[in-house]
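This note is written for a colleague who is meeting the structure for the first time. The points below may be read alongside the sequence and the coordinates.

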Amino acid sequence: MGRFHRHDDGTVHSHEHDHGDHSHYDTAAQRAEVLEEIFTENDVRAEFNRAAFDQNGIRALNLMSSPGSGKTTVLQATLDELAGDFAVGVIEGDIATDLDAAKLSGRGAQVSLLNTSNGFGGECHLDAPMVNRALPGLDLPSLDLVIIENVGNLVCPAEFDVGEHAKAMVYSVTEGEDKPLKYPVMFRSVELVLLNKIDLVPYLDVDVDAYIAHVNQVNPAATVLPISARTGTGMAAWYGWLRRFARGSLTA
């Protein structure tokens, strides 16, 4: 069985065990070629999406996380905060339901739901063609900021450019301080890490500095903001970052 991964330069490599059968290598080469085509098409569509955002004066943020990090709760508070400042659109990625989209409705933002169900359980990420299909659900000329809420996963989403201007992620203290070391590709891909649920620190007996140190170890350039979306602690710093990003004063 072959294993495939995409390098930072965009190439896809396969790894096959040698069992004396050259058909393994033929199959690996064919699969790698298919994956190259998939990533190439994704990157072409990503540029199309980015051009659509740029033409409408929109800044787009790809917000990623693992499941249960509190990403939707962060978004709820964020939409409430920004409602009077910016016209916000949300592309909501969900595997099979509209539960998160429902939580975001009625908060002054346009929400375009993107179900990734494919008959086999659903995709583990959003890619550029998916986001492109969600764009007609938004009135782009009227928007200032689009937040793409990606599917909860610490592996696949980092590998796909969806046309965003920057990537950010929500990382909860309940996930353990070792996640940046276990999933370095995800943490290296982002400009900002929201370290959420710090209100639980006294109950978990964790060291916030250790979390930040591990993020900085794999991505020294990342901004790390400790927050609690539930209590509001630290959220002002996140709102400030997002306002600067939406105005174009932050560059990815």
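Does Ala-222 count as buried or exposed? The first point takes up this question, and the later points turn to the fold, its core and its helices. The model under review is a predicted one.

1. Ala-222 counts as buried, because its relative accessibility is 9% and the cut-off for burial is under 20%. The residue sits in the loop between H8 and S9. Leaving aside neighbours within four places in sequence, Ala-222 is in contact with Val-190, Glu-191, Val-215 and Asn-216. Phe-187 is 35 residues from Ala-222 in sequence, yet the two C-alpha atoms are 8.4 Å apart in space.

2. As to the overall make-up, the protein has 9 helices and 9 strands. Of its 252 residues, 48% count as buried. Among contacts between residues at least 6 apart in sequence, 71% join residues at least 24 apart.

3. The largest nonpolar core has 28 residues. Those with the most contacts inside this core are Leu-61, Val-74, Val-88, Leu-145, Leu-194, Trp-238 and Leu-242. Two or more residues each come from strands S3 (59-65), S4 (88-94), S6 (145-149), S7 (166-172) and S8 (192-196), and likewise from H2 and H9. H9 gives the most, with 7 residues. As a general remark, nonpolar side chains in soluble globular proteins tend to be buried together.

4. Apart from neighbours within four places in sequence, Leu-145 is in contact with Ile-58, Arg-59, Leu-82, Ala-87, Val-88, Gly-89, Leu-242, Phe-245 and Ala-246.

5. Helix H9 has 12 residues and reaches 16 Å from its first C-alpha to its last, close to the 16 Å expected at 1.5 Å a residue. H9 is mostly covered, with 9 of its 12 residues buried: Met-235, Trp-238, Tyr-239, Gly-240, Trp-241, Leu-242, Arg-243, Phe-245 and Ala-246. These buried residues pack against S3, H2, S6, S7, S8 and strand S9 (223-226). Gly-248 follows H9 and has a positive phi, near 85°.

6. Ala-237 also lies in helix H9. This residue counts as partly exposed, because its relative accessibility of 39% falls between the 20% and 50% cut-offs. Its C-alpha is 9.1 Å from that of Pro-226, a residue 11 places away in sequence.

7. Helix H2 likewise has 12 residues and reaches 16 Å from first C-alpha to last, close to the expected 16 Å. Its buried residues are Lys-71, Thr-72, Val-74, Leu-75, Gln-76, Thr-78, Leu-79 and Leu-82.

8. How do H2 and H9 meet, and at roughly what angle do their axes cross? The axes of H2 (residues 71-82) and H9 (residues 235-246) come within 11 Å and cross at roughly 65°. The crossing is right-handed. On the H2 side, the residues in contact are Val-74, Ala-77, Thr-78, Glu-81 and Leu-82, and they meet Met-235, Trp-238, Tyr-239, Leu-242 and Arg-243 of H9. By class, this contact has 7 nonpolar, 1 polar and 2 charged residues.

9. Asn-62 is found in strand S3. With a relative accessibility of 0%, Asn-62 counts as buried. Not counting residues up to four places away in sequence, Asn-62 touches Ile-148, Asn-150, Phe-160, Val-162, Glu-164, Ala-166, Lys-167 and Ala-168. Asn-62 and Ala-158 are 96 residues apart in sequence and 9.6 Å apart in space, C-alpha to C-alpha.

10. Most residues other than glycine have a negative phi. Lys-197, however, has a positive phi near 65°; this residue lies in the loop between S8 and helix H7 (201-204) and is partly exposed, with a relative accessible area of 22%. Asp-205 has a positive phi near 55° and lies in the loop between H7 and helix H8 (208-218). Asp-205 is exposed, with a relative accessible area of 73%.

Conventions:
Residues numbered from 1 in each chain as written. Predicted model: local features only at pLDDT ≥ 70, side-chain atom pairs only at ≥ 80, totals over all residues. Heavy atoms only, no water. Axes fitted to C-alpha atoms, helices over the stretch in contact; angles between N-to-C directions. Helix = DSSP H or I, 4+ residues; strand = E, 2+ residues; numbered from the N terminus. Left-handed = near helix turned anticlockwise from the far one by under 90°. Contact = heavy atoms within 4.5 Å. Nonpolar A, V, L, I, M, F, W, Y, C, P; charged D, E, K, R; others polar. Expected span 1.5 Å × (residues − 1). Buried < 20%, exposed > 50% of the residue type's maximum accessible area, 1.4 Å probe, protein only. Core = buried A, V, L, I, M, F, W, Y, C linked by side-chain atoms within 4.5 Å.
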